[in-house]
Amino acid sequence: GGLNVVRQTVLETAPLNAIAFYDFLQCAGNCGPYMAPGLKGFTGSGATAGSPTLRPDIWSTLTGGSAWANLPGAAAHPFLAGEDIVGAGYVWLDATTVRWIVVRETVAGEPLKIAYSDNLGVSWNLVTVGSTNTETIGGAKGFLAMDRDHLYLATTSGNVYFSSDAAETWAVQSSALTASGADQLNAISFSDYSNGWAGGANSSLITTHDGGANWAAVTAPATINISALHAFSKYRVII
């Protein structure tokens, strides 16, 4: 059959900037009945109309988006009033526990921050990433969560940060800043644990073959602003 496109309604007046679905296809068996993928997900918003008093929202669905719920209370809102959510992803901590992760927009005078929840958005833990003020990811594709041991952030300052503990702590991969020339990085993608690419403003394109321990600049095919990319292998990437 053909593609069936359905417009879904969410009771949110602010932009929804990032979305992630965290369930998988489950065949009928000892683990339980058959379950289709793409039923369980969440999305994060900006602060309503740029409001300095309203906090960004998290909306979740267990039905593939036919119904969305917004948990009430301050604990269910990962960032402060007026601070947008600009990235979202997840990692599985074990067979039954999923960790939601969201990234905050740039905030003057403060470094990059992420928040994570291990209880489906009921409460959140805030984590500071690096020490560069007014830094965030260059777009939703600037956050990559491969698994709990391999997470990356590509930032507006040309940095790449890496976490090997499910987003609880982050280390800067310092060679990325040199390779990017401090140009904004908008997207990052790895084909496996070793080989990755990141790209952004002013034709900035960098690659690594050792998981990010060493990044090197690559000449882009044209004078462009790279907003998204996908790495297929050590030698092949689409931007």
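Author: One term to begin with: buried means under 20% relative accessible area, exposed over 50%, and partly exposed in between, with a 1.4 Å probe and protein chains only. This is a predicted model, where local features need pLDDT of at least 70, side-chain atom pairs count only at pLDDT 80 or more, and totals for chains, interfaces and linings use all residues. Residues are numbered from 1 along each chain as its sequence is written, and side-chain values use heavy atoms, with hydrogens and water left out.

Reader: ok, Asn195 then. Buried or exposed?
Author: Asn195 is buried, at a relative accessible area of 10%.

Reader: where is Asn195 in the chain?
Author: Asn195 sits in the loop between strand E13 (185-190) and strand E14 (196-200). Strands (E, at least two residues) and helices (H or I, at least four) are DSSP runs, numbered from the N terminus.

Reader: which residues does Asn195 touch?
Author: Leaving out residues up to four places away in sequence, Asn195 touches Ser189, Phe190, Thr208, His209 and Lys234. Contact means heavy atoms within 4.5 Å.

Reader: and which side chain makes a polar contact with Asn195?
Author: That of His209, at 3.0 Å. A polar contact is a pair of N or O atoms within 3.5 Å; within protein, one must be able to donate a hydrogen and the other to accept it, and residues adjacent in sequence count only if both atoms are side-chain atoms.

Reader: new topic. How many helices and strands in the protein?
Author: The protein has one helix and 18 strands.

Reader: how much of the protein counts as buried?
Author: 45% of its 239 residues.
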